[in-house]
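Here is a short tour for someone meeting this structure for the first time. Have a look at the sequence and the model, then read on.

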Amino acid sequence: MESAIGLNHFLAVGLILFCLGLFCVLTRRNAIGVLMGVELILNGANVNYVAFSKYSAAAVDGQVFSVFVIMLAAAEAAIGLALVLAIYRSFRAIDVSVMRTLRG
Amino acid sequence: MENVLSYMTFVPLAGMLAVMVMPRDKHEVIRWTALAFTLVPLLLGIWLYGDFDGSITGMQYVERHTWIETYNIQYIMGIDGLSVTMVLLTALLCPICILASWNIEKGVKGYFMLFLLLETGMMGVFCALDFFLFYIFWEVMLLPMYFLIGIWGGPRREYAAIKFFLYTLVGSVLMLIAMLALYFHGEPRTFDMLVLMERAPTYARSFQAWAWLALFVGFAIKIPAFPFHTWLPDAHVEAPTAISVILAGVLLKMGTYGILRICYPIFPVATQQFAFWCLAVLGTWNIVYGALCAMAQQDMKKLVAYSSISHMGYVMLGMATLTSQGINGAVLQMFNHGTVTAMLFLIVGVVYDRAHHRDINGFGGLASVMPVYTGLMTVAFFAALGLPGLSAFISEVLVLLGAWQYNQALTIVAASAVVLTAGYMLWMLQRVWLGPVNEKYANMPDLSARELVTLLPLAVIVLVLGIHPHAVLDLIDPTLLALNRTVADAVVVSAQLLH
Amino acid sequence: MLETAATHEAAAGVSYALRWIVALPLAGAAINLIAGKRLQDAAGRTAVAVLGSAMSIASFVCVVAAFLRLRSLPVDERLLLDTVSSWIHIGDLDVSIALAFDPLSAVMCLIITGIGSLIHIYSYGYMDEDPANWRFFGMLNLFLFCMLTLILGDNMLVMFVGWEGVGLCSWGLIGFWHSDHTNTAAANKAFLVNRIGDFAFLCGMFLLFWSLADSGKATLVFRELAHAVPALEGMTLWGMGVATLVTLLLFVGATGKSAQIPLYVWLPDAMAGPTPVSALIHAATMVTAGVYMIVRLNFLFSMAPFTMQVITAVGAATAFFAATIGLSQHDIKKVLAYSTVSQLGYMFMAVGVGAYAAGIFHLLTHAFFKACLFLGAGSVIHALHHEQDMRRMGGLRSYMPVTFGTFLISALAIAGVPGFAGFFSKDEILWRAFLANPVIWAVGLAAAGMTAFYMFRAVFLTFAGECRVEGHAREHLHESSWTMTLPLVVLAAGAAGAGYLGVPAALGGANHFEQWLAPVVELEHAALSHAAGGHDTTLEYVLMALSVATAGLGILLAYLIYIRKSLSAATFAAIGGGVPYRLSFNKYFVDEFYYGFFLNGVLSLSRALAWIDLHVVDGIVNGAARVVRISSDFGGAIDHYVVDGLVNGTATVVDRCGAAARKLQTGGINAYLYVLVLAVILVLFSRAW
């Protein structure tokens, strides 16, 4: 028992976050909910990055990546919300199950 | 002003670009812009008329730039006594045609853009001294013409436009072959017409013969000489008035211009060889055949179209004679036919605009209804039938006088057309303008100011050139004499001798 | 002697402003034709008429001044010159716009402007009901300009301008009332028939020019031609002497303009024009242009005896045949028209036998009496509201005494009654014809008899007997206004007195007229003075007596038939089963022949050629297009079904697969995500294995 909290704990948190996010993305019919799910998935990944960075010899690479991901998430949120607004304008709804115009 | 020819050629192109950026529904603005951009070459032309030195036989206002160096293709512009008349004619007719197109309502922007492009093409053909450049302008002119007939024409416009296009294309292809043959025929390879002219004595007799014939067919289609003429009546009948004016006034001249500019100096021996059958006999046949066909027509435009075929025959006959009277008469006839036939088409256009048909038997008594119109019509008709004192008489009499020395029998046949021409012109005049007034058209308005402006300058030129033909003859005489001498004195120097 | 005289004459030309003679009528024409309608609307028709007449009279004054100047010169220096500008100078051809005034032009110009002015004045009265006076006076002025150009032209090309110009004016004035188809048809006929002559004239001019050019003397100037033409001697073309060929071609031109066989047919139809036009253009001036041209070129024609014989024969034949047609016409203007053709025949007869001065003399006297006759007829026609049929006239003597008097004087003159103008000129011609060939003389004499008959037939039918005018017109019968009678009186005076200008030596005169023309017709003059010593005055008296007797016979016959009615016209009409009468009345069916043969021939040919053009020449073009289209259709079919078939087959397969696969696309984002996650899981598991 060297340390109470090790890498596996962090990975478990990351996995939980990822699974919650995935669940949210798959089950939510509200587009904003879906976006929130995406955020959770990304954050799950971030936790992993930071953890790996801490417990490996690879210096700060993981942290740098996570900063990139955060920026990307911000951009994605902005574009995603804008898209949702645009979708709302044309469909009068943000329910993703309504949006089936791409059906073959 | 040493770049005057380039200005005259490319100002209309600039006009086309200017029209291109305008909103399509601003019709008035587009029309006035087009007019302004065609008036520039006219003003330059007037200046050119004063500045041009008719006593020089060589090229004037020459511009020479390297263009595509790899193939020794150059941008050479220049005019001599032969081309200056055609440049002036083009510059004169284009603004008149813009005015005559004023009531075009369909696709105004496209129409004027194409028209301005057409003017660039026409000017370029008359100014270019590099064969390649000449060919480019020749084709540039073809394209807008196709659309102008095919879109803005009458009911059978597509048939006429395609016929015109294909026919001219056949000619272009033959011309292209001859051009390439010339290009590859001497060292260093060049398209420079002036250089090609200097090399004329080195061309073997057989080479001259087939190249001459290829070029001749290409140009004969444009004149149009029998039997390549049938596109003309169709194109004229379908084309809008202004396009008919350009077609008969300028485009037909390119055929005879091409022969004089290219066939004569570059292939003088072949010219001597073929002048009798291909130019004199065919020209005479054109005169009589065109006149007789004209007599049987019921459509005013078709009649005028056949009269063009007849009158262009004089040009062919005149240039074939290689006498100073004949060849001067031929070039003067090119100019005079340009003005007279333009008047005739404008005159037909006036009634067509009002009555929407051109059936000769469907009118009657217009003289009582439209006196001003009738007065100008009389000038044009009598000029067309060669009344002394009006311009066409001088050129016809010079052609026939020259032809008499060349071949009396042909001259007698050709001269008999003075009776036929008077016949069909007066017969049409009688049926349309004289006789009892057709009640349907009893209230037709007389010429509008715009129509008067299109006809009056031409009428004045027709009158003035009848009394003072040297206004044009002084420009062309020395050049044509030199050309005559070139052809008359030409012999083939054996090619081996030079190598 | 000729050579020196000619050079002398050429050198002596005096510069004189002749241009005003032609410029004034031209200005009048320009103003009236361009602005005349407005002028007439604003200031009334008097304004345009006065303008036109003033220009004509002013031109006459200029001519008189030039004439006086000319007369003041010594006989062999009588030539005025005016070079306006150069015109065409190409190679050997050097032609100026130049005018020349010599004794011959002087006579012609005096006739043209003098009679022209009178007719302008007359027209003011005659055209009082016409709305287009401006056009009428404009055209009349233009005619004067063209005619004077024809006469004054110093070279053949300037003459040709006038030559065709008068044709234009004639066309415009014959068809003046252009809403009537008959008038415009007559106008076109006149122009076209004239054009046939002009075509020959042009060819003659070319031949002359080049033949002279071959001898190094290329010129078209009359004065220079005079001493250049001897070079033509011995030249031949197509087996004929060049001089003969040139003169024959020029003569064909003259037959067109001067209405001789075979091109006379237009003149009777030309009577469709207003009567003053008939008087001025189709009697006094334009139609005499052919005679003038031959006299102008007399040195050339004298070189071609064969041509001269042709001219004489054609002239005599025309004089005779036209007279026989004149015998039976009912339309008073038609009678006068055929009479004009006949009298022109006399003039050609005269120049044909080399009696140039006599021809011009007859031209002069004829201008007076024929213009007077036409104007008299016009006066009658005007009074009868455009009735021209003599069967509906009669007895007008008491209503229109001035018209009657002048008409009678002129009829006496044309009939050749001694003392009147026609007598002197006609006898001169007949005498000269007899010297050349008695057969020609006999034909001429017969024509003279017929002339006397038909003229007095016209006089009696129109003015004598009972009045056959009907209805409304009869109540308004009256003498014409002074503007119409004044010219009649002046012309009648001329018809009576003009003959005294040329009283022949046999009647004790000095023949001033011939003396005056002597410098122009030197050859004839020389020949005559050579023969003068031995000529037989007795013969001349006998011939004179015979012609007077013949004229008297004609008049007597007319009197017996139409006044005394002791002879019936029907008796004469029935001679020979009525065939001669019908031939005469129907003008020998020449018009029908021309229409059927030439006009229909040309029209059929033109229709046939147009058909060929449309169906054969263009047919080949369209046929070629069709062949190309059919072969391209065939190629297109192969391309479509075989080559493209493969391509399309591939596409079809892909298309079917796609149709099946598209079902997978639900469009719902959740479904895609489920698939995505499942796929990832699958991949991960497969890696794990």
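## Chain C: burial and shape

In this predicted model, 54% of the 689 residues of chain C count as buried. A residue is buried if 20 or more other C-beta atoms, placed from the backbone, lie within 10 Å of its own, exposed if 12 or fewer, and partly exposed in between. Local features need pLDDT of at least 70 and side-chain atom pairs count only at pLDDT 80 or more, while totals for chains, interfaces and linings use all residues. Residues are numbered from 1 along each chain as its sequence is written, and chains are lettered from A and ligands numbered from 1 in the order in which they are written.

Chain C has a radius of gyration of 37 Å, whereas a compact globule of 689 residues would have one near 26 Å. That radius is taken over C-alpha atoms, and the globule rule is 2.2 Å times the number of residues to the power 0.38. Along the principal axes, the C-alpha atoms of chain C fill a box of roughly 155 × 70 × 60 Å.

## Chain C: elements and domains

Chain C holds 28 helices and 5 strands. These are DSSP runs numbered from the N terminus: helices are H or I of at least four residues, strands E of at least two.

Which domains does the assignment give for chain C? Domain 1 covers 386-585 and domain 2 covers 589-679, with bounds from an automatic or database domain assignment. Taken over C-alpha atoms, the centres of these two domains of chain C are 80 Å apart.

## Where chain C touches its partners

Two residues are in contact if their C-beta atoms, placed from the backbone, lie within 7 Å. The contact between chains C and B takes 37 residues from chain C and 44 residues from chain B. On the chain C side, β2 (80-90), α6 (156-174), α7 (181-214) and α27 (590-661) each supply at least two residues. The largest share, 14 residues, comes from α7(C). This side of chain C divides into 21 nonpolar, 9 polar and 7 charged residues. Here Ala, Val, Leu, Ile, Met, Phe, Trp, Tyr, Cys and Pro count as nonpolar, Asp, Glu, Lys and Arg as charged, and the others, Gly among them, as polar.

Chain C also touches chain A, with 12 residues from chain C and 10 residues from chain A. The side of chain C in this contact has 5 nonpolar, 5 polar and 2 charged residues.
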